[in-house]
Amino acid sequence: MTYLPHLNSIFSVDCVIFAFDEGELKILLIERNQDPYKDWFALPGNMVNNDESIDAAAERVLYELTGLKDIYMEQFHTFGELNRHPKGRIITVAYFAMIRLNSAKDVRPVIPYAKNASWVSIKELPELGFDHKMIFEKGFERVKSKISYQPLAFELLPEKFTLTQLQNLYELILNKKLDKRNFRKKILAYDILKELDEKQKGVSYRAAKLYKFDRRKYSKYFQNELSFSKD
């Protein structure tokens with residue numbers, strides 16, 4: 001048997017976690033407590049241990065730096081530029097997830113590697129350490145491309161939502177204004193929403209109808225792309 005020579009590569013994982021809160025699309029950032037880039041904001045990320053898989057490392061790192069666990073994450077890209085880390089050759093496997101905030105709104109590190117964790121609007125991102133801005137942008141591009149053929153938006157919304165909330169979320173992700181009448185006509189024609197006998201509560205304006213995403217119907221019947229351009 002021929003063995004490979006020793007390879008001086010180290011692997012890490014970085015997590016781009018999206019959430020929708022108070023009308024804004026947000027991502028989860030940590031404030032680093034170690035060099036390099038101490039006191040900088042960054043994506044939740046750290047090294048992969050020799051005795052764990054890449055997927056297991058992603059779950060562990062996200063929990064240690066934010067307290068979140070049991071979050072489904074999907075690999076979307078590998079970053080391997082030679083100079084991406086000041087301490088040497090480190091290859092990172094990036095993951096993304098889209099979650100409802102609910103109990104995940106309060107996040108805090110479990111280990112002192114990070115000072116704190118917080119949800120930050122993508123419109124107000126601070127300067128990020130390493131190449132994390134590039135990783136975020138690549139993850140966001142993946143979300144934009146997948147939102148037309150997978151029901152990603154419904155992973156971010158509350159279980160019960162209004163059509164206005166749904167449209168606002170699509171506009172944030174696609175970064176364009178959608179015609180209200182056309183959007184509602186199209187999304188209802190797809191027949192993947194269940195209209196509820198409920199309306200918004202605790203609002204000062206006219207309460208809107210609430211809807212739920214019908215995942216079973218979507219999985220069974222839906223074969224189209226979710227397009228909201230005018231015919």
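Contact, in what follows, means heavy atoms within 4.5 Å. With that in place, let me start with the chain as a whole.

This is a predicted model, so local features need pLDDT of at least 70 and side-chain atom pairs count only at pLDDT 80 or more, while totals for chains, interfaces and linings use all residues. Residues are numbered from 1 along each chain as its sequence is written, and side-chain values use heavy atoms, with hydrogens and water left out.

Among contacts between residues at least 6 apart in sequence, 66% join residues at least 24 apart. The chain has six helices and nine strands; these are DSSP runs, H or I of at least four residues for helices and E of at least two for strands, numbered from the N terminus. Along its principal axes, the C-alpha trace spans about 60 × 45 × 30 Å.

Now the interior. Of the 231 residues, 46% count as buried, that is, under 20% relative accessible area with a 1.4 Å probe, protein chains only. A nonpolar core is a set of buried Ala, Val, Leu, Ile, Met, Phe, Trp, Tyr and Cys residues joined through side-chain atoms within 4.5 Å. The largest one holds 42 residues, and Val16, Phe18, Leu25, Leu166 and Ile173 touch the most other members. Helix α4, residues 163-174, gives the most to this core, with six residues. Apart from it lies another core, of 27 residues, including Ala57 and Val107.

What is Val16 in contact with, leaving aside its neighbours within four places in sequence? The partners are Ile27, Leu43, Phe76, Tyr95, Phe96, Ala97, Ile135 and Phe136.

How values were computed
Buried < 20%, exposed > 50% of the residue type's maximum accessible area, 1.4 Å probe, protein only.
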